[in-house]
Each structure stands twice: as C-alpha cells, then as structure tokens.
Amino acid sequence: MLYAILCYANEETVFSWSKEEEDAVMAKLHAVQAPVAQAGKLGPVGRLMPTTAATTVRKGKEEPLVLDGPFAETKEALLGFYVVDFETLDEAVAFSKELSAVNPGSTSYEIRPFYVFRPGEAST
C-alpha cells in the first residue's frame, strides 16, 4: 500500500534555522530514511517552500480565482511529504514516529493511504 506521510510544522521555526541547524536535522532525517530507501520502499520526498511562496487557485462563481498564498491561516503548515510503500499502516506509523523523534521542527505527521491514478488505467 502506498502512503503519503505529510509533515506539518511551524514554518517560522523551521525557516529560521541556521545552516548548521538545518544540516543537522537533515542528516538525522536522512539516517531514518536510508534503510527505507535501501529496501526500495521510499518514493519521492519533498520539502515545500514557505506558504508565502504559495499560489492558490480557488473555484469562483464564474472563473477560477488565483490568489497569493494559502487560504487558511494557521500556526502549523504542510511543509513536506514522503511517499512510502509499506505492507501495513503499522509500518507507516513506526516510520513516522522515527521521523518525528529526530525532527525538532515537526508538530505532526499525517499518514494517508493513496492510489496512483492514471487516466485509462486501474488505480494502484
């Protein structure tokens, strides 16, 4: 089963880290990711830019509206994601706990199973 593991954090905290702090956190995260990658179970991993760099396309009454930034104001923002291929939710939870233990910037990890959708093909 494919899972998306969404990392939420206070972006003011994360984007205020010094280069040394950033490098230390990334090294710890890489150490957690490495065994999963070596097992062939780690897909794309991404860090999103701050919400100030976001653009939202919102359905309008007639034409879609294009807005700068996210719609919701919150202290916690989606800052990154992992795509993993685990047999069970328990594996995804265990991986998320490991990530959380080494990431001082994260406030939560949300785990969602998902399907790859390609028009004309069955979902996998």
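This is a predicted model: local features need pLDDT of at least 70, side-chain atom pairs count only at pLDDT 80 or more; totals for chains, interfaces and linings use all residues.
Student: What makes up the protein chain in terms of helices and strands?

Tutor: The protein chain has three helices and six strands. Helices (H or I, at least four residues) and strands (E, at least two) are DSSP runs, numbered from the N terminus. Starting at the N terminus, the order is β-α-α-β-β-β-β-α-β. Along the principal axes, the C-alpha atoms fill a box of roughly 50 × 45 × 20 Å.

Student: Why is Phe-95 called buried?

Tutor: Buried means under 20% relative accessible area, exposed over 50%, and partly exposed in between (1.4 Å probe, protein chains only). The relative accessible area of Phe-95 is 3%, so Phe-95 is buried. Phe-86, at 5%, therefore counts as buried as well. Of the 124 residues of the protein chain, 28% count as buried.

Student: Why is Met-49 called exposed?

Tutor: Its relative accessible area is 61%, so Met-49 is exposed. Met-49 sits in the loop between strand E2 (42-47) and E3. Its C-alpha atom is separated by 9.6 Å from that of Leu-78, 29 residues apart along the chain.

Student: Which label do Ser-100 and Gly-43 get?

Tutor: Ser-100 has 37% relative accessibility, so Ser-100 counts as partly exposed. Gly-43 has a relative accessible area of 29%, and therefore Gly-43 is partly exposed too. Ser-100 lies in helix H3, whereas Gly-43 is found in strand E2.

Student: What is Ser-100 in contact with, leaving aside its neighbours within four places in sequence?

Tutor: Contact means heavy atoms within 4.5 Å. With those neighbours left aside, Ser-100 is in contact with Ser-106 and Tyr-109. For the protein chain, 74% of the contacts with a separation of 6 or more are between residues 24 or more positions apart.

Student: How many aromatic pairs does a search of the whole structure find?

Tutor: The search finds two aromatic pairs. One is formed by Tyr-82 and Phe-95, at 5.8 Å centre to centre with 90 degrees between the planes, and is edge-to-face. This pair links distant parts of the chain, as Tyr-82 is in strand E5 (residues 77-85) and Phe-95 is in helix H3 (residues 89-102), 13 residues apart. Tyr-82 and Phe-95 are both buried.

Student: Why is the pair of Phe-86 and Phe-95 called edge-to-face?

Tutor: Rings of Phe, Tyr and Trp (its six-membered ring) pair if their centres lie within 6.5 Å; planes under 30 degrees apart count as stacked, over 60 as edge-to-face and the rest as tilted. The ring centres of Phe-86 and Phe-95 are 5.9 Å apart and their planes are at 65 degrees, so this pair is edge-to-face.

Student: What makes Tyr-82, Phe-86 and Phe-95 a cluster?

Tutor: Ring pairs link Tyr-82, Phe-86 and Phe-95.

Student: How do you know that E1 pairs with E5?

Tutor: Two strands pair if DSSP finds at least two bridges between them. Eight bridges join E1 to E5, and E1 and E5 run antiparallel. In this pairing, Ala-9 stands opposite Ala-77 in E5.

Student: Which strand pairs with E1 over eight bridges in the antiparallel sense, with residues 106-114?

Tutor: That is strand E6. Leu-6 stands opposite Glu-110 in E6.

Student: What makes strand E1 mostly covered?

Tutor: Strand E1 (residues 2-9) has eight residues, and seven of them are buried.

Student: How do you know that E3 and E4 pair?

Tutor: Four bridges join strand E3 (residues 55-58) to strand E4 (residues 65-68), and these strands run antiparallel. Thr-55 stands opposite Asp-68 in E4, and a hairpin joins E3 to E4 through six residues.

Notes
Residues are numbered from 1 along each chain as its sequence is written. Side-chain values use heavy atoms; hydrogens and water are left out.
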